[in-house]
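Here is a short tour of one protein model. Have a look at the chain first, and then we can walk through it together.

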Amino acid sequence: MNTIPVKQVEAGAGEYRKLTVNIFRHNPQDENSVPHMDTFEVEEADSMTLFILLNEIRENQDPTVQFDFVCRAGICGSCAMLVNGRPKLACRTLTQELPQVLNLAPLPGFELIGDLSVNTGKWMRNMSEHLETWIHNREQERDFCDLEEKMEPEVADKIYELERCVECGCCIAACGTAQMRSDFVGAVGINQLARFKIDPRDDRTDADFYEVLGTEEGVFGCMTLLGCDDMCPKELPLAQQIAYMRRKMALAEV
Ligand code: SF4
Ligand code: SF4
Ligand code: FES
């Protein structure tokens, strides 16, 4: 892996901030592994993100530290972790916005792969299969050579807004219900069904949505404390979507 050139940041008159980075360490595959924190010292640099910081540590201090990154641009959702107790995307978080001591931990609520790496993909797939987060069209067999059906631009914009979810898991890590019950679909699941609810190509009824969402695992398990809305790095309107789906489910004729 190439070392990323970094320019150091001045903390005061001629000084650079030295960051103290405490990282959660544990390998659940190793029966002798005991969860603990390891501490690293890293010189801060201009525009340093947590992605750059973690790579500095892995390249120059400890090559065994595990963490996930793919896009480095806030698109893939794989780099989410707890930063001083708050879920954040590491590639979009600048160290200059953080105090000198950093505590990095894996997102709670997901299977731990090792250190800062968790299996959000498995969780998201289970949620998606449970809620059937895809278009349901009972009409007829599709001919994939047909032109796509037209859609009003306002509707397309609304769908696009909700489609911006990157399945990072920050809303699950911030959610009291999700931490107490592993079958809760979370704001990410509720948002995804809200997206299909407004899609004119999906002909599921409110009663169909009620079957999977009108439960304690769904919208009625939500305590509406809105940690999800506060912590979503894509600033999705989660509070609005939860309220919308809750209202629809309360009025659904089942
Ligand atoms: S709703 Fe927001 S916080 Fe939740 S998974 Fe999607 S992007 Fe991440
Ligand atoms: S508002 Fe609902 S989904 Fe969001 S964090 Fe609270 S309990 Fe979880
Ligand atoms: S690496 Fe893709 S969102 Fe951070």
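What share of the contacts in the protein chain with a separation of 6 or more comes from residues 24 or more positions apart? The share is 65%, where contact means heavy atoms within 4.5 Å.

## The model and its chain

This is a predicted model, in which local features need pLDDT of at least 70 and side-chain atom pairs count only at pLDDT 80 or more, while totals for chains, interfaces and linings use all residues. Residues are numbered from 1 along each chain as its sequence is written, chains are lettered from A and ligands numbered from 1 in the order in which they are written, and side-chain values use heavy atoms, with hydrogens and water left out.

The protein chain has nine helices and nine strands; these are DSSP runs numbered from the N terminus, helices being H or I with at least four residues and strands E with at least two. Its C-alpha trace spans about 65 × 40 × 35 Å along the principal axes. Of the 254 residues, 43% are buried (under 20% relative accessible area, with exposed over 50% and partly exposed in between, using a 1.4 Å probe and protein chains only).

## Helices α6 and α9

Helix α6 (residues 186–197) and helix α9 (residues 238–251) have axes that come within 9 Å and cross at roughly 65°. That makes α6 roughly perpendicular to α9, a label for angles of 65 to 115 degrees. Axes here are lines fitted to C-alpha atoms over the stretch in contact, with angles from 0 to 180 degrees between N-to-C directions.

On the α6 side, A187, I190, N191, L193, A194 and K197 take part, and they meet L238, Q241, I242, Y244, M245 and K248 of α9. By class, this contact has eight nonpolar, two polar and two charged residues (nonpolar: Ala, Val, Leu, Ile, Met, Phe, Trp, Tyr, Cys and Pro; charged: Asp, Glu, Lys and Arg; polar: the others, Gly among them).

Most residues other than glycine have a negative phi. T224, in the loop between α7 (206–213) and α8 (227–231), has a positive phi of about 60° and is partly exposed at 42% relative accessibility. L226 is placed in the loop between α7 and α8 too, with phi near 65° and a relative accessible area of 27%, again partly exposed.

Which residues surround ligand 2? They are C175, T177, F184, A187, C222, M223, T224, L225, L226, G227, C228 and I242, each with a heavy atom within 4 Å. This shell has nine nonpolar, three polar and no charged residues.

Conventions:
Angles under 35 degrees count as roughly parallel, over 145 as roughly antiparallel, 65 to 115 as roughly perpendicular and the rest as oblique.
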